[in-house]
Amino acid sequence: MARTSDKPDAELVGLVNGATAEAAEALVSKLTLREKASLCSGASFWNLQSIKRLGLTGPNVSDGPHGVRRDLGSSHLGLDGSAPATCFPCACTLASSWDPTLAMLVGEALGRECLALGVSVLLGPGVNIKRHPLCGRNFEYFSEDPLLAGEFAASFVKGVQSQGVGTSIKHFAANNQEANRVSI
């Protein structure tokens, strides 16, 4: 069913501003298979596809499990300018507290910053377990213990998502070195 207006209808506005499960199901039922598939690809480095027919702007994603990195320039790395953001303790520091509630509180704060910066999905946390001391990203991972890493990742995700912001867990496994990491 084609829409004649680029303005979202009241049901879609309700979905964006505090969706219910019913509103989410209603929106998904309006998407074609092609539109659903398009949501798995990017329109640009930090933005997903829009669904113009329904008046939906593509979600903005941002790196930053330790602080929201909202790029404001032409560089996808924030080299041309980034929005100011809080730098939170890295994952290994959070896990060293042995307090998953702390990870949830950090997630909640990151969720609030995402909302303030217009970010829909935070890319993180990293859940790879530490397998080698020379991994250049060990600071991004909670622990070498899978149970501890899982407990902290779950608490972190619950905190971010409690603010209505999505998460995208990354570095599931085998991201254990920086040298040649894009060619191995």
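1. A helix crossing is called left-handed if the near helix is turned anticlockwise from the far one by less than a right angle, and right-handed if clockwise. By this rule, helices H5 and H6 cross in the right-handed sense. The residues of their contact (heavy atoms within 4.5 Å) include Ala103, Met104 and Leu110 of H5 and Phe152, Phe156 and Val160 of H6. By class, the contact residues comprise eight nonpolar, four polar and three charged; Ala, Val, Leu, Ile, Met, Phe, Trp, Tyr, Cys and Pro count as nonpolar, Asp, Glu, Lys and Arg as charged, and the others, Gly among them, as polar.

2. The model is predicted: local features need pLDDT of at least 70, side-chain atom pairs count only at pLDDT 80 or more, and totals for chains, interfaces and linings use all residues. Residues are numbered from 1 along each chain as its sequence is written, and side-chain values use heavy atoms, with hydrogens and water left out.

3. Helices (H or I, at least four residues) and strands (E, at least two) are DSSP runs, numbered from the N terminus.

4. Two backbone features deserve attention. Most residues other than glycine have a negative phi, and most peptide bonds are trans. Trp98, however, has a positive phi of about 60 degrees, and the peptide bond from Gly124 to Pro125 is cis, with omega near 5 degrees.
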